[in-house]
Amino acid sequence: MDTREKLDAFQKRIDNDEKIEPKDWMPDRYRKQLIRMMSQHAHSEIVGMLPEGNWITRAPSLERKLVLLAKVQDEAGHGLYLYSSTETLGARRQELVEDYIYGTAKYSSIFNYPTLTYADICVIGWLVDGAAIVNQTMLAKSSYGPYARANIRICREESFHKKQGYEMLAKMAAGTPEQRRMAQDAVNRWWWPTLMMFGPPDDESPNSAELIRWKVKTKTNDELRQSYVDQMVMEAEAIGIKLPDPELKYNNNTGHWDFGEIPWDEFWNVIKGNGPMNRERIKARRKAYEEGAWVREAAMEYARKKQLREEKAS
Ligand code: BYC
């Protein structure tokens with residue numbers, strides 16, 4: 001059991017904006033919440049390679065292919081930083097991975113939608129990475145040191161991802177009528193799911209209060225969603241893209257953009273495993289995991305032999 005004095009001292013450190021490091025004492029619940037959230041984040045980065053990976057062989061030019069390849073590789077790197085930071089809490093990577101590909105651990109709802117045209121790739125860069133930056137810039141100030149540092153690095157790369165998506169979409173939106181139609185169609189399909197990336201409304205978010213008290217999150221789901229909408233309205237307008245929400249309206253009293261009702265039934269359905277691509281994503285991840293078993297075994301054997309050699313030599 002965590003004692004009252006220890007809990008109070010811990011909360012004091014959080015209130016003083018100190019970073020918590022892996023060897024520091026922390027409440028069991030803080031550790032558990034971090035493992036849940038950080039591993040979900042890691043899984044999301046890895047699953048997130050699939051929708052874009054789908055277009056690597058069909059990118060319209062060599063330059064576009066190189067950019068997309070680099071972006072997808074960056075997402076793999078993000079997954080690895082995040083699994084490593086989660087391991088600092090005593091979690092085992094293999095168990096975490098198996099918990100989402102065979103069990104019930106979650107990953108971001110956004111990656112359960114299909115990428116139907118190349119315009120979807122532009123829109124993922126702009127809207128999905130754009131939403132990720134808003135969320136992760138906040139997480140870069142998280143109270144847990146390894147998670148905060150991983151997010152600082154991730155955000156630097158996400159900025160490049162967002163810029164390349166926005167630049168491609170701007171070109172498409174200024175292109176032929178068919179290109180403009182493709183760009184608008186992709187935005188119409190991805191807009192509402194990107195708003196769902198920030199999680200359920202604050203009054204339906206069971207984890208927020210605790211995470212905010214511990215400064216794991218420093219802003220609520222709704223606060224982040226609102227900053228995102230405010231930012232995206234202007235960016236869309238600048239490239240002649242219309243956001244598919246007739247209720248979007250600037251509110252002079254709040255200084256923010258009001259927006260329409262998010263289809264929350266769709267969100268809950270997707271996170272329960274019934275989105276358009278949930279089954280396919282899990283199937284692809286299982287296949288990769290099972291086909292990669294020999295690599296993990298070879299690496300473990302190499303490490304074991306190296307250790308034996310070092311023990312003999314010393
Ligand atoms: N999708 O109490 P709440 C990327 C779950 S990848 C699925 O508000 P919390 C990229 C939530 O887990 C970056 N599930 O939770 C990669 C909880 O269920 P459990 C993705 C969601 O933790 C490739 C329940 O709903 N970013 O950028 O306070 C290419 C109640 O929610 C979602 C991250 O992973 C969702 N959208 O807040 C391109 C960020 N929302 O666990 C780009 C890290 C909620 O109790 N995570 N749920 O069973 C977070 O910031 C927070 O965990 C969330 C949710 C804001 C997502």
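A polar contact is a pair of N or O atoms within 3.5 Å. In this predicted model, a polar side-chain atom of Lys 217 lies 2.7 Å from an oxygen atom of the ligand, a distance that falls within the 3.5 Å cut-off. The side chain of Arg 36 places an N or O atom 2.8 Å from a ligand oxygen, while Pro 206 contributes a backbone N or O atom at 3.3 Å. Taken alone, the ligand exposes 1,000 Å², of which the protein buries 91%.

The ligand is located in the largest pocket. In total, 37 residues surround the ligand, and the closest are Arg 36, Gln 40, Lys 106, Ser 205 and Lys 217. Arg 36 and Lys 217 therefore belong to the closest residues and also form polar contacts with the ligand through their side chains. Sorted by class, the shell comprises 15 nonpolar, 13 polar and nine charged residues.

Charged side chains were also examined across the protein. The whole structure contains 22 salt bridges. One of these links Asp 8 with Arg 4, with the closest N and O atoms 3.2 Å apart. Both residues lie in helix α1 (residues 4-15), where Asp 8 and Arg 4 are four residues apart, about one turn of the helix.

Methods:
Residues numbered from 1 in each chain as written. Predicted model: local features only at pLDDT ≥ 70, side-chain atom pairs only at ≥ 80, totals over all residues. Heavy atoms only, no water. Near = heavy atom within 4 Å. Polar contact = N/O pair within 3.5 Å; in protein donor to acceptor, adjacent residues only side chain to side chain. Areas by Shrake-Rupley, 256 points an atom, 1.4 Å probe, with all protein chains shown as cover. 1 Å grid on protein atoms, 1.4 Å probe; cavity = no way out; pocket = protein on both sides within 12 Å on 5 of 7 lines; lining within 4 Å. Sits in = over half its atoms within 2 Å of the grid points. Nonpolar A, V, L, I, M, F, W, Y, C, P; charged D, E, K, R; others polar. Salt bridge = Lys/Arg side-chain N within 4 Å of Asp/Glu carboxyl O. Helix = DSSP H or I, 4+ residues; strand = E, 2+ residues; numbered from the N terminus.
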